[in-house]
Amino acid sequence: QLQLVESGGGLVQPGGSLRLSCAASGFTLDYYAIGWFRQAPGKEREGVSCISASGGRTNYADSVKGRFTISRDNAKNTVYLQMNSLKPEDTAVYYCAAQPYYCPGYVPENYHGMDYWGKGTLVTVSS
């Protein structure tokens, strides 16, 4: 059974950092692009970032560009989202998702969905 499990969320002050992890079980991530999405209270889900299966292509939403970094460690079957300079507007449930090989486009804001999803981890940015 294919599963994605997010971890690393929590409460952080504005300007702080968190690293989210997306771990896969039941399959190897080597052949999958991994995307990160988020959904804030009362808002629609939005694409945040994506990394291709090879790791050679990464995409970021404008709202997180320069602050978030996506990376993957295929030996650990895990993808990471390093989030720095966090802002209150980054508060959301963060989900990782997977689909074979390629990200669903170059602009995460236009992502509509991927094949497999985790259940999410809550990130709260507040003083």
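Analyst: Let's start with a term: a disulfide is a pair of cysteine sulfur atoms within 2.5 Å. The model is a predicted one, where local features need pLDDT of at least 70, side-chain atom pairs count only at pLDDT 80 or more, and totals for chains, interfaces and linings use all residues. Residues are numbered from 1 along each chain as its sequence is written, and side-chain values use heavy atoms, with hydrogens and water left out.

User: How do you know that a disulfide joins Cys22 to Cys96?

Analyst: Their sulfur atoms are 2.1 Å apart, and the cut-off is 2.5 Å, so the pair counts. The link is right-handed, with 70° about the S-S bond. Cys22 sits in strand β3 and Cys96 in strand β9 (residues 92–100), so parts of the chain 74 residues apart get tied together. Strands, by the way, are DSSP runs of E with at least two residues, numbered from the N terminus.

User: And what makes the disulfide of Cys50 and Cys103 left-handed?

Analyst: The torsion about its S-S bond is about -95°, so that's the label it gets. The sulfur atoms are 2.1 Å apart here. Cys50 is in strand β5 while Cys103 is in the loop between β9 and β10, 53 residues apart.

User: Which pairing do the bonded cysteines show in sequence order?

Analyst: The pattern is 1-3, 2-4, and the structure holds 2 disulfides.

User: Why is Cys50 called buried?

Analyst: Buried means under 20% relative accessible area, exposed means over 50%, and partly exposed is in between, using a 1.4 Å probe and protein chains only. Cys50 comes out at 0%, so buried it is. Contact means heavy atoms within 4.5 Å, and leaving out residues up to four places away in sequence, Cys50 touches Ala33, Ile34, Tyr111 and Met114, among others.

User: What makes Tyr32 and Tyr116 an edge-to-face pair?

Analyst: Rings of Phe, Tyr and Trp (its six-membered ring) pair if their centres lie within 6.5 Å; planes under 30 degrees apart are stacked, over 60 edge-to-face, and the rest tilted. These two rings are 6.2 Å apart centre to centre, with 70° between the planes, so they pass on both counts. Tyr32 is in strand β4 (residues 32–39) and Tyr116 in strand β10 (residues 116–117), so the pair bridges 84 residues of sequence. Tyr32 is buried at 16%, whereas Tyr116 is partly exposed at 33%.

User: Why is the pair of Phe37 and Trp117 called tilted?

Analyst: Their planes meet at 50° and the centres are 4.7 Å apart, so the pair is neither stacked nor edge-to-face. Phe37 is buried at 0%, but Trp117 is partly exposed at 29%.

User: How do you know that Arg45 lies over the face of Phe37?

Analyst: A charge sits over a ring if NZ of Lys or CZ of Arg is within 6 Å of the ring centre and within 35 degrees of the ring normal. Arg45 is at 5.5 Å from the ring centre of Phe37. Arg19 does likewise with Tyr80, at 4.1 Å.

User: What makes β1 and β3 paired strands?

Analyst: Two strands pair if DSSP finds at least two bridges between them. Strand β1 (residues 3–7) and strand β3 (residues 18–25) have 5 bridges and run antiparallel, so they qualify. Glu6 stands opposite Cys22 in β3. Strands β3 and β8 run antiparallel too, joined by 6 bridges, and Leu20 has Leu81 as its bridge partner in β8.

Methods: Helices (H or I, at least four residues) and strands (E, at least two) are DSSP runs, numbered from the N terminus.
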